[in-house]
Amino acid sequence: LTLGRDGMSVSKRDLITTGLHDLCAGALTPWGTFLVNEEFPFIADPQSRSGWVWEIDPATGAQKRATGMGRMSHEQEALSRGDWYITDDRGNYQYLYKFVPDNPRDLSTGKLYGLKFDRSTNTGEWVGPLDPMRPEADMAAKAGPPTAANSFSKHEGIVRSKRGDGVVFSESGSGADPG
């Protein structure tokens, strides 16, 4: 959408890409492309076409699958110190992920890790590398299933911290759990 001078009216709109599924939050890359996130991969999807981060060129609409970031329920990602941190919003307890690209401007290959977090000590360890085609299952096999003790509840959004030395995200509450 291109806004008019009043900031309220729309002077132009363009559809730049289609074919993506269950989109959620997005993020800008330092090189000017836009990352969009597919939540909730389709279970009956033998070709694994859903559940990815897609890199979109806003000028041309060209889309490229960021395969290295894994196939899962993506909420959002943030870049800090050359690595991408990814929230997994399946709606229950899930691990936080870190993607270390082989090439900083190519998100299709690299190493994907999951954070096994100990809430009792507020410490954690990165587990992996994980299989990007099934990172949630691979992480559960290596670190155990995600629970209130070792992961995060429905994490929403994520941004780089103000000082640039980490990331900030929030958890959503449900029922008696305030998040």
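Because the model is predicted, local features require pLDDT of at least 70 and side-chain atom pairs count only at pLDDT 80 or more, whereas totals for chains, interfaces and linings use all residues. Residues are numbered from 1 along each chain as its sequence is written, and side-chain values use heavy atoms, with hydrogens and water left out. Helices (H or I, at least four residues) and strands (E, at least two) are DSSP runs numbered from the N terminus.

The interior is considered first. In soluble globular proteins, nonpolar side chains tend to be buried together. A nonpolar core is here a set of buried Ala, Val, Leu, Ile, Met, Phe, Trp, Tyr and Cys residues joined through side-chain atoms within 4.5 Å; buried means under 20% relative accessible area, exposed means over 50%, and partly exposed lies in between (1.4 Å probe, protein chains only). The largest such core has 17 residues, and those with the most contacts inside it are Met-69, Trp-84, Ile-86, Tyr-97, Phe-99, Leu-107 and Met-139. Two or more residues of this core come from each of strand S8 (83-88), strand S10 (96-103), strand S11 (106-118) and helix H1 (135-143). A second, separate core has seven residues, including Tyr-85, Leu-96, Leu-115 and Phe-117. The surroundings of Leu-107 were also listed, with contact taken as heavy atoms within 4.5 Å. Apart from neighbours within four places in sequence, Leu-107 is in contact with Trp-31, Leu-35, Glu-55, Ala-66, Thr-67, Gly-68, Met-69, Trp-84, Phe-99 and Pro-101.

Charged pairs were examined next. Side chains of opposite charge can pair when their charged atoms come close. With a salt bridge defined as a side-chain nitrogen of Lys or Arg within 4 Å of a carboxyl oxygen of Asp or Glu, five salt bridges are found in the whole structure. In one of them, the side chains of Lys-64 and Asp-106 meet at 3.3 Å, N to O. This pair links distant parts of the chain, since Lys-64 lies in strand S6 (residues 63-65) and Asp-106 in strand S11, 42 residues apart. Lys-64 is partly exposed, with a relative accessible area of 41%.

Another salt bridge joins the side chains of Glu-171 and Arg-119 (2.7 Å, N to O). Distant parts of the chain are again linked: Glu-171 belongs to strand S15 (residues 167-171) and Arg-119 to the loop between S11 and strand S12 (123-127), 52 residues apart. Glu-171 is partly exposed at 24% relative accessibility, and Arg-119 is partly exposed at 30%. A further salt bridge is formed by the side chains of Lys-142 and Asp-138, at 3.6 Å, N to O. Both residues lie in helix H1, four residues apart, about one turn of the helix. Lys-142 is partly exposed, with 45% relative accessibility, whereas Asp-138 is buried, with a relative accessible area of 11%.

On a 1 Å grid over the protein atoms alone, a pocket is an open set of points with protein on both sides within 12 Å along at least five of seven lines, and lining residues have an atom within 4 Å of a point. Grid points are joined across faces, edges and corners, and a volume is the space filled by probe spheres set on the points. By these criteria, the largest pocket holds about 150 Å³ of space. The lining of this pocket consists of Ile-16, Thr-17, Thr-18, Gly-19, Leu-20, Leu-23, Phe-34, Val-36 and Ile-56. Six of the lining residues are nonpolar, three are polar and none is charged, where Ala, Val, Leu, Ile, Met, Phe, Trp, Tyr, Cys and Pro count as nonpolar, Asp, Glu, Lys and Arg as charged, and the others, Gly among them, as polar.

Most residues other than glycine have a negative phi, and most peptide bonds are trans. A cis peptide bond joins Gly-128 and Pro-129, with omega of about 5°; Pro-129 is found in the loop between S12 and H1. Asn-122 is not a glycine, yet has a positive phi of about 55°. Asn-122 is placed in the loop between S11 and S12 and counts as exposed at 59% relative accessibility. Lys-154, also not a glycine, has a positive phi of about 40°. Lys-154 lies in the loop between strand S13 (152-153) and S14 and is partly exposed, with a relative accessible area of 26%.

How values were computed:
On a 1 Å grid over the protein atoms alone, a cavity is a set of points where a 1.4 Å probe fits but cannot get out, and a pocket is an open set with protein on both sides within 12 Å along at least five of seven lines; lining residues have an atom within 4 Å of a point.
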